[in-house]
Amino acid sequence: MHSISHDRAEETPAAKARWFQSLTIEERMQHFVEMSDMLLALKPELVQKKDAQPVPGRIRVLTLE
């Protein structure tokens, strides 16, 4: 039996990744849609952004060539 912890110290990126990987594809997509909806509600101008550029050391932008 697993216990539930409310300790922020246990909220490591690895623990969050394990939790996310435990979800079904449908649950993962639902979280993705909810996050996208929240971001667009907060910053609707994101839809207008074109040609995203990578931020060194942070995000990798993939393109089809």
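The exercises below work through the surface, the ring pair and the salt bridges of one predicted model.

Residues are numbered from 1 along each chain as its sequence is written, and side-chain values use heavy atoms, with hydrogens and water left out. Because the model is predicted, local features need pLDDT of at least 70 and side-chain atom pairs count only at pLDDT 80 or more, while totals for chains, interfaces and linings use all residues.

**Exercise 1. Describe the secondary structure and the exposure of the chain.**

Step 1. The chain has two helices and zero strands, where helices (H or I, at least four residues) and strands (E, at least two) are DSSP runs numbered from the N terminus.

Step 2. Of the 65 residues, 3% count as buried; buried means under 20% relative accessible area, exposed over 50%, and partly exposed in between, with a 1.4 Å probe and protein chains only.

Step 3. The chain exposes about 6,900 Å², of which carbon and sulfur atoms supply 60%, the areas coming from the Shrake-Rupley method with a 1.4 Å probe and, for residues, with only the protein chains shown as cover.

**Exercise 2. Classify the aromatic pair.**

Step 1. Rings of Phe, Tyr and Trp (its six-membered ring) pair if their centres lie within 6.5 Å; planes under 30 degrees apart count as stacked, over 60 as edge-to-face and the rest as tilted.

Step 2. The structure holds one aromatic pair; the ring centres of Trp19 and Phe20 are 6.3 Å apart and their planes stand at 55°, so the pair is tilted.

Step 3. Trp19 is partly exposed at 46% relative accessibility, and Phe20 is partly exposed at 35%.

**Exercise 3. Find the salt bridges and state how exposed their residues are.**

Step 1. A salt bridge requires a side-chain nitrogen of Lys or Arg within 4 Å of a carboxyl oxygen of Asp or Glu, and the structure holds two.

Step 2. Arg8 bridges to Glu11, with the closest N and O atoms 3.7 Å apart; Arg8 is exposed at 67% relative accessible area, whereas Glu11 is partly exposed at 41%.

Step 3. Lys43 bridges to Glu45, with the closest N and O atoms 3.9 Å apart; Lys43 is partly exposed at 45%, and Glu45 is partly exposed at 40%.
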